[in-house]
Amino acid sequence: MTVQTFIPSAVKAASENTVTQPTHTTDVSIKKLYIETQGCQMNEYDSHRMADLLGDSHGYVLTDNPNDADILLMNTCSIREKAQEKVFSGLGRWRKLKEQNPDLVIGVGGCVASQEGDNIQKRAPYVDMVFGPQTLHRLPQMLDQHQAQVEKPKKEKIKLVDISFPDIEKFDFLPEPRVEGFKAFVSIMEGCSKYCSFCVVPYTRGEEVSRPLDDVLAEIAGLAEKGVREISLLGQNVNGYRGETFEGEICTFPELLRLVAEIPGIGRLRYTTSHPLEFSDDLIQCYRDLPQMVSHLHLPVQSGSNDVLQAMKRNHTIDVYIDKIAKLRKVRPDMHLSSDFIIGFPGETDEHFAETLQFIKDLDFDHSYSFVYSKRPGTPASDLPDDTPEQVKKDRLAQVQQVIKQSSIDKTDAMLGKVERVLIEKVSDKDPNVLVGTADNTRLVTFIGDATWVGRFAEIEITEIKTLNLVYGELLNLEPDVA
Ligand code: SAH
Ligand code: F3S
């Protein structure tokens, strides 16, 4: 894994594979579904929705064992070449399972599906269904179509490939999200219209479309009623949110945050990801006005060099980013900042890289997702000349990661003696008298307490630093339950 430091809970490493976790029984008569999720938090969210959908429509329950499943779904990522390569090696393993069990159904969704379409079935003919990020709600019908043609001769079968972008209808067909614990993700917009020169997202997920305001608010109110206390709003560029209101007007992202903060029970608000261009003064005011907004921001910048930013088509300069962060730190001096960096973009010189390194030191990032540039077919940057040796790029990446890791360690150390607001999430597995929660800056905080406090917020004084991501503390104040 090339990601350094620890994994903040609001942002998931794009290089990790996760298996959507089961909440089920081992009864052999029950049909079982296995989902492998690659990539970002949007994919994580989508995988949970797929499980909800097939659970509701066909009674499938999740299993964490692919050998045990009746249906295997791979939710793919194409952000970097490495991620894309994983798809076919993973499918190769599933092919063997299908040879042992011809009734096994295999589906491929996500961004590689979107980009490759029926090429997937050309390379892997044992794949039964291909669907995109915006058509996953049609999975139950696809599955029915598949079952209906199982017995048909091969030439009479229609190909089950649906990777269209049918606006935002997806959400009208998804069942109510199931709630586990006190945190939930809520997708507020899909796609991206920024077309950075290196990025496949606008092509695989389509252009930005926002969910209507009332739908988002109703979903969050429902989650709060079921005990959720922390909401993470999700989208490729959440601050590009333009949700239609019931009256046909447009609600912006800061307006949405203000409305969400009024929902009883919501004690903490996060979001990911946002774009520096639309990081508006109004959004900064939300940090001043809304105590639910965490003092932690993931704001991708990609490079600390204006030349590189221009070649990336990010449409802003470094000064714009620096000014916005300065304004933000004025209203929230304790703000923890994280970002994404692409190292070794075509044409990045030693001087450009030195600017990036200096920028990282100046801005004092807490953590980052940083990767060597990966050429993506069909993106404008893939035509740019690139003569930087791969080893030079890797060395630069290691330097960036070292600087940010040290900063991260310093930030954890600086928590000693400070008071953190913590969402108490569970009783420790090791000791029933110890509670575990998360601070605004995503560090885990443990302290002595009562199991009945789980789900509430508390002010904890930090008394000991254990690891980069784990600190101990003592209770100063237990907030009343916000519901
Ligand atoms: N909406 C976000 C980015 C989402 S994509 C934004 O505003 O920037 C997630 C991250 O993947 C990007 O921030 C970028 O750092 C990385 N990424 C995208 N395309 C890449 C490529 N071709 N090579 C390496 N990293 C890439
Ligand atoms: Fe990709 Fe740039 Fe959008 S990085 S997701 S095109 S903001």
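How many bridges join strand E11 to E14, and in which sense do the two run? There are 5 bridges between E11, residues 230-234, and E14, and the strands run parallel. This is a predicted model, so local features need pLDDT of at least 70 and side-chain atom pairs count only at pLDDT 80 or more, while totals for chains, interfaces and linings use all residues. Residues are numbered from 1 along each chain as its sequence is written, chains are lettered from A and ligands numbered from 1 in the order in which they are written, and side-chain values use heavy atoms, with hydrogens and water left out.

On terms: helices (H or I, at least four residues) and strands (E, at least two) are DSSP runs numbered from the N terminus, and two strands pair if DSSP finds at least two bridges between them.

Serine 232 stands opposite arginine 270 in E14. These strands belong to an open sheet of 3 strands, ordered E8-E11-E14, with parallel pairing. Strand E8 (183-187) and strand E14 (268-272) are at the edges with a single partner strand each, so one side of each has no neighbour in the sheet. The twist averages 25° from one strand to the next; angles run from 0 to 180 degrees between N-to-C directions, and axes are lines fitted to C-alpha atoms, for helices over the stretch in contact.

Two helices pack on this sheet. Helix H8 (residues 213-225) touches E8 and E11, and its direction makes about 170° with that of E8; contact means heavy atoms within 4.5 Å. Helix H9 (residues 253-261) touches E11 and E14, at about 150° to the direction of E14.

Next, the barrel. 5 strands close in the order E18-E19-E20-E22-E21, with mixed pairing. Here the twist averages 50° from one strand to the next.

E18 and E19 pair antiparallel over 5 bridges, and a hairpin joins E18 to E19 through 6 residues. Isoleucine 424 has glycine 437 in E19 as its bridge partner. Glycine 437 also stands opposite valine 445 in E20. Strand E19 (residues 434-439) and strand E20 (residues 444-448) run antiparallel, joined by 5 bridges. Strand E18 (residues 419-427) is also joined by 5 bridges to strand E21 (residues 457-467), again antiparallel, with arginine 421 opposite glutamate 459.

Last, the ligand. Residues around ligand 2 include Cys192, Cys196, Cys199, His275 and Arg314, where near means a heavy atom within 4 Å.
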